[in-house]
Amino acid sequence: MKLATCLFEAAAWHYGVKAICQCGHAAIFDPHGLWYHFHRHGMDERLGRVREKLWCRECGRRHGKRVRPVKLEMVREMPSITLPLPDQREWKRVVNRFRG
Ligand SMILES: [Zn+2]
């Protein structure tokens, strides 16, 4: 298993991005949609930075607080959250640049 350091690598290698909260709640993001979200907003897509931008919906609902996940794991599991996906052409263009 290759070690992804940023969302783009996670997406290129088809890993789900699992965000795990201290409360035990976890969500698995489709990596393409998550990458595209960060990419479109010009946000830092390194995984350490991504973790700081995510927060647990369960904790938000229960305590009204934005609790960051304790860790992000790269998994081979079906995503539970799929954000809008990049256009296929745009994705291929970025992948080609990455392989370049
Ligand atoms: Zn939580």
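Between which two elements does the loop that holds H14 lie? Select H14 to find out: the residue sits in the loop between α1 (7-12) and β1. Helices (H or I, at least four residues) and strands (E, at least two) are DSSP runs, numbered from the N terminus.

Before going on, note what is on the screen. Residues are numbered from 1 along each chain as its sequence is written. This is a predicted model, in which local features need pLDDT of at least 70, side-chain atom pairs count only at pLDDT 80 or more, and totals for chains, interfaces and linings use all residues.

**Stop 1: H14.** Stay on H14 and look at its backbone. Phi of this residue is near 60°, a positive value in a residue other than glycine. H14 has 11 other C-beta atoms within 10 Å and is exposed. The cut-offs work as follows: a residue is buried if 20 or more other C-beta atoms lie within 10 Å of its own, exposed if 12 or fewer, and partly exposed in between, with C-beta atoms placed from the backbone.

**Stop 2: the sheet.** Next select β1 (residues 16-20), which pairs with β2 in the antiparallel sense over four bridges. Two strands pair if DSSP finds at least two bridges between them. Within this pairing, pick A19; its bridge partner in β2 is A27. The three strands form an open sheet in the order β2-β1-β3, with antiparallel pairing. The edges are β2 (26-29) and β3 (71-75), each with a single partner strand, so one side of each has no neighbour in the sheet. From one strand to the next, the twist averages 25° (axes are lines fitted to C-alpha atoms, for helices over the stretch in contact, and angles run from 0 to 180 degrees between N-to-C directions).

**Stop 3: helix α5.** Select residues 88-99. This helix, α5, has twelve residues and reaches 16 Å from its first C-alpha to its last, close to the 16 Å expected at 1.5 Å a residue. The expected span is 1.5 Å times one less than the number of residues. How many of the twelve residues of α5 are buried? The number is zero, so the helix lies largely in the open.

**Stop 4: the whole chain.** Zoom out and show everything. The protein chain has five helices and three strands, and along the sequence they follow the pattern α-β-β-α-α-α-β-α. The C-alpha atoms fill a box of roughly 45 × 30 × 20 Å, taken along the principal axes. Of the 100 residues in the chain, 19% are buried.
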